[in-house]
Structure formats: C-alpha cells, structure tokens
Amino acid sequence: MADATKTGKEFAPIVWEVERGKIREMAKAIGDPNPVYLEMEAAMKEGYRDIPAPPTFLTVPMMWSSSMPVLINDLKINFMMVLHGEEEYEFYREIYPGDTITGIPKVVSVEEKTSKTGGKMDMITVEILYKNQNDEKVAKARTLMVERK
Amino acid sequence: MANDLYFEDVNVGDQMPALSKGPILKLQHVLYAGASGDFNPLHTDDDFARAVGMKDGVITHGMLVMGFVGQAVTSWVPKRCLKNLSVRFAGMTRPGNTITITGAVTEKRQEASGNIITCDVVARDEAGDVKIMGRFSAALPSRQG
C-alpha cells in the first residue's frame, strides 16, 4: 500500500528542453491536424510566437524523465495495481519550443477509500508546478493515481 | 485572428462541436508511447496485458484519450484561451474503439481574470460507454474589446 508518511515530499526536479519536433510528434500521435501545433506560420497567424505545446504535452517531461516510476517506487505503490484516476492541468502561459521547463513533483495527499464493492484503495495525488527559464509559472499538473489493494 | 470565438456568442447550454476519433489502431499506441514516453507494456504488448488480467490484450493510454479531448477543445476554443482542463478516467479504451467527444457550456461569467466560460466534456465509445468525464474553462475575448 502507498506510504502515507510521504505526504508533502518533493522529488527531484524534472528539467525538460522543449523542441518543435516533439510538439509536432505529440500532435501527430494524437492525430490532431490543428496547424497551430504543426506549422510556425499558422501559429503566428493565430497570435502565438511559435507552435505552442498542446494541452496534454506535459505528459512528455513527466514520462520521459522517468519521474513517475521513481515516485511510485518511493511510495511503495504496487505498479501492477495502479490506475490513472484523474488528470488536471492549469495553464498560466504558453510553452514554446526553446523553453526549458522545470517541474518539482510533490505528493499532496495519500488517502484510503473504500469502493462501492467494498474494495480498499489508496488515492495518491501528485502535483507538479512547471516554470520556464524566466522563472515564470507556465502550468500545473495534478495527477490522481488509484492503487487497488 | 482567423477563428476567434467571442464571449458574447457563447451561451450556457451551447454544444461544443463533436469530434470522433478512431477506430483506434494498436499502431497509434506505439506512436503515442514514443511521443509521450509512456512505455508501459500494458499499452503495446498483448501477452503482457493478458498476464496482468486484460483478457482482450492491450488497453489504450488514458492520456491519449485525454489528448483527443484536448484536440476537441482546442479545435473550438484556441489553446491560448484555455485556462484549465481536468478529466476523470471512467472506463478503459481498447483498440477498435471509436471515441466521440462532446461538450456543453455550463457556466458563463465575467471576472477580474476575464470573460470565463466553463464546459463539461464527455468521451464515449461507439456503444455509448463513458471513457472520460471532464471539464474546462477558457477566457474568451469580448466584442467590446
């Protein structure tokens, strides 16, 4: 079961250099043909200074940095029993190619709940506030993981 | 801007344009694994998925389905207007599913941070089973400048 004593713990920063190719790759993997994510000219016509990161782009730094497996191990969560319950983003500024974004994962809560069918679950909420190279807040990601026991 | 959506033109109860995605191919799971960095074999290896209890094999990345929601939302409201997007994963998605995202405006208000609309969104498969329940808020420009 998840180690509730780790509530409040902060983990090593995720540092990620944002590239135009990776933004395009993400849009293509989703199958999003919106030209603002693919072509600089189309993005600039819409008032962006380059192609902006699409809404779910923050999966990229989180997963490629292997931050989540480290956190899951540290909290002694059974990886085979964990489900992604909820995901929430708050957007403060656009994330653009050339930005270096830094996010510090923080465990904000670990709570035990009982499902309708009587099964016990741990609900683990992790927040990551991302800032850019100018120390400006760009976005916050909040992830709820559900560990079945 | 080409596709501006104005606060005055949006009313509570208005529907967001629906978006259908799919049928989802296993190949798309491989593309998404590479793009996102989520290499959990639950999404790409049928033998692994069956060994952990998924009798029909691999399941789709939840974040790919949230990506579809993001596509639907920012096809209607420009990305730069989006203030927040949250989802609850309500059911597993599998290759072969076609996911349709719909949404409706639930609230409209003017506040210091701008002209805010809030919308509920839902992603369902071809059988009508709910995969994602979500919500977003956006700050829209006003015709009054």
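Which residues does S109(A) touch, not counting residues up to four places away in sequence?

1. S109(A) touches T7(A), M123(A), I124(A) and T125(A), where residues up to four places away in sequence are not counted and contact means heavy atoms within 4.5 Å. S109(A) itself sits in strand 3 of chain A, residues 100–114. Its C-alpha atom is 10.0 Å from that of D122(A), a residue 13 places away along the chain.

2. A word on conventions. This is a predicted model, in which local features need pLDDT of at least 70 and side-chain atom pairs count only at pLDDT 80 or more, while totals for chains, interfaces and linings use all residues. Residues are numbered from 1 along each chain as its sequence is written, chains are lettered from A and ligands numbered from 1 in the order in which they are written, and side-chain values use heavy atoms, with hydrogens and water left out.

3. On the overall layout, chain A has four helices and five strands, in the order β-α-α-α-α-β-β-β-β from the N terminus. Chain B has three helices and five strands, and its pattern along the sequence is β-α-α-α-β-β-β-β. Here helices (H or I, at least four residues) and strands (E, at least two) are DSSP runs, numbered from the N terminus. Along the principal axes, the C-alpha trace of chain A spans about 55 × 30 × 20 Å, and the C-alpha atoms of chain B fill a box of roughly 60 × 30 × 25 Å.

4. Now the interface. In total, 33 residues of chain A are in contact with 35 residues of chain B. The area buried between the two chains is about 2,900 Å², with carbon and sulfur atoms giving 59% of that; buried area is the accessible area (1.4 Å probe) that two parts lose on being put together, summed over both. On the chain A side, I30(A), E46(A) and F91(A) lose the most area to chain B, together 21% of what that side buries.

5. Within chain A, R93(A) and E136(A) pair through their side chains at 3.4 Å, N to O. R93(A) is in the loop between strand 2 (82–91) and strand 3, and E136(A) is in the loop between strand 4 (120–131) and strand 5 (137–148), so the pair ties together parts that are 43 residues apart in sequence. Across the interface of chain A and chain B the rule finds two salt bridges. K79(B) forms a salt bridge with E94(A), with the closest N and O atoms 3.2 Å apart.

6. Finally, two backbone details to check by eye. The peptide bond from G22(B) to P23(B) is cis, with omega near 0°, and P23(B) is placed in the loop between strand 1 (15–21) and helix 1 of chain B. In chain A, S66(A) has phi near 60°, a positive value in a residue other than glycine; S66(A) is in the loop between helix 3 (59–64) and helix 4 (67–74).

Terms used
A salt bridge is a side-chain nitrogen of Lys or Arg within 4 Å of a carboxyl oxygen of Asp or Glu.
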